[in-house]
Amino acid sequence: MITSVIAFIIVLSVLVLVHEAGHFLAARKVGIWVEEFGFGLPPRVFGKKMGKTIYSINLLPFGGFVKLHGEDSSEKIKPKEAFVTKSKKARLFVVTAGVLMNLVLGFLAFSVVYFFAGIPKQTDRVKVVEILSSSPATQAGIKVGDVIKKVDDVEVKDPDSFVNHVDSKKGKLVSILVERDQNGQKEEFVVKAVPRENPPEGEGPLGVIISSTEVFYPPVWQRPFYGIYYGFKEALFWGKNIVSSLVLMFVNLFHGQVPKDISGPVGIFAITSQAAKMGILSLLNFVGILSINLAILNIFPFPALDGGRLLFIMLEYILGRKVPEKFEATIHMIGMAFLILLLLTITFFDIKRLIIGGGISGFLESFSR
């Protein structure tokens, strides 16, 4: 539990600090006074002023913020250092900098994972990666690492061809030609098994998990280039996946269906705990996913989020004049109150699910039901 808590704090801190550092550095770059750099949401627990900026730790450890001078009001400001007096281009840069930093963090996290864990490569070899206990595959003597060459004289070059043929032979004896590495020598032999007609849920007729993907380790000098390429592809994949999930969620809400797989800080803690148990690369991969997720959620055009502030700047471009600062400040305040209430509500149900599930494992399993 202590390790899980430490991992959770580190992951959350990195995500928040990187995001807010983007706003902070961009603001400093364009000459905006950063009044406060806060970790967590108010009320403030601790604060120390360094230079002109207060660095604070706040009570609700669910995020962070950068308070820019003159961000929401034109009253009592120093015009040369105020957010509202800067050009639309400068404000656009500051507002989007946090999102860009999270995108970069996600990309870098995936790149590092691929650098050390290797590059997945599709092959025409179907390999057994796991065998379920008390399954026909176990009884037939199939082992992890075996390469399936043929099933009833039908050549197997991809998982689908194997699955489809086995499914068509449920309850009947099949002959499986496998290749096995024996003391450095590759040997082929035939095993026989009867695929189950009614296997346990999620196990399949033979009870094997197969894959045609193998890990490729390029020379060390080439790995940074491979890591960057595949890290970018992974970031793009998760970006598309998150966007499509958000769209689906809103479509379901429009049709009166309340999403059941939404989680908050408790869910992040649970997954962080599991990822930490699997090793540093697994945890780093999760950081990448979370960072891409945070970037996309923050750019969503909702008040108090970066996307909400971006929306007001876009309106300024369209209307040719600024939206009144007090009106915008009120909208963002309402949005922030709503987000905090939503976060507390999600946390309440997460804790309830954690208690009912009897722990982290039960909590995570509840999402797959």
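Leaving aside neighbours within four places in sequence, Ile 142 is in contact (heavy atoms within 4.5 Å) with Val 128, Ile 131, Ala 137, Ile 176, Arg 180 and Val 191. The model is predicted, so local features need a pLDDT of at least 70 and side-chain atom pairs count only at pLDDT 80 or more, while totals for chains, interfaces and linings use all residues. Residues are numbered from 1 along each chain as its sequence is written, and side-chain values use heavy atoms, with hydrogens and water left out.

**Confidence**
- The chain averages a pLDDT of 87, and 96% of the residues score at least 70; pLDDT is the predictor's confidence in each residue, from 0 to 100.
- Confidence in the chain is highest in helix H2 (residues 88-117), at a mean of 95, and lowest in helix H10 (residues 360-365), at 71; helices (H or I, at least four residues) and strands (E, at least two) are DSSP runs, numbered from the N terminus.

**Nonpolar cores**
- The largest nonpolar core has 18 residues, and those with the most contacts inside it are Ile 142, Ile 148, Phe 162, Ile 176, Leu 206 and Ile 210; such a core is a set of buried Ala, Val, Leu, Ile, Met, Phe, Trp, Tyr and Cys residues joined through side-chain atoms within 4.5 Å.
- Two or more residues of this core come from each of strand S3 (119-131), helix H3 (136-140), strand S4 (147-151), helix H4 (159-167), strand S6 (174-182), strand S7 (185-193) and strand S8 (208-216), and S6 gives the most, with three residues.
- Apart from this core lies another, of 16 residues, among them Val 34, Leu 68, Val 84 and Val 95.

**Strand pairing**
- S4 and S6 run antiparallel and are joined by four bridges, with Lys 150 standing opposite Leu 177 in S6; two strands pair if DSSP finds at least two bridges between them.
- S6 and S7 also run antiparallel, joined by nine bridges, and Glu 179 stands opposite Glu 188 in S7.
- The hairpin of S6 and S7 has two residues between the strands, and Asn 183 in this hairpin takes a positive phi near 55°.

**Aromatic rings**
- The structure holds twelve aromatic pairs, where rings of Phe, Tyr and Trp (its six-membered ring) pair if their centres lie within 6.5 Å, and planes under 30 degrees apart count as stacked, over 60 as edge-to-face and the rest as tilted.
- The rings of Phe 8 and Phe 269 are edge-to-face, because their centres are 5.5 Å apart and their planes lie at 85°.
- Phe 8 lies in helix H1 (residues 2-29) and Phe 269 in helix H6 (residues 265-277), so the pair ties together parts that are 261 residues apart in sequence.
- Phe 8 is buried at 17% relative accessible area, and Phe 269 is buried at 16%; buried means under 20%, exposed over 50% and partly exposed in between, with a 1.4 Å probe and protein chains only.
- One aromatic cluster is formed by Tyr 114, Phe 216, Tyr 226, Tyr 229 and Tyr 230.
- Trp 33 has Lys 52 over its face at 4.9 Å from the ring centre and the charged end of Lys 78 over its ring at 5.1 Å from the centre; a charge sits over a ring if NZ of Lys or CZ of Arg is within 6 Å of the ring centre and within 35 degrees of the ring normal.

**Loops**
- Ser 134, in the loop between S3 and H3, has a positive phi near 55° and is exposed, with a relative accessible area of 62%.
- Asp 152, in the loop between S4 and strand S5 (154-155), has a positive phi near 55° and is partly exposed at 24%.
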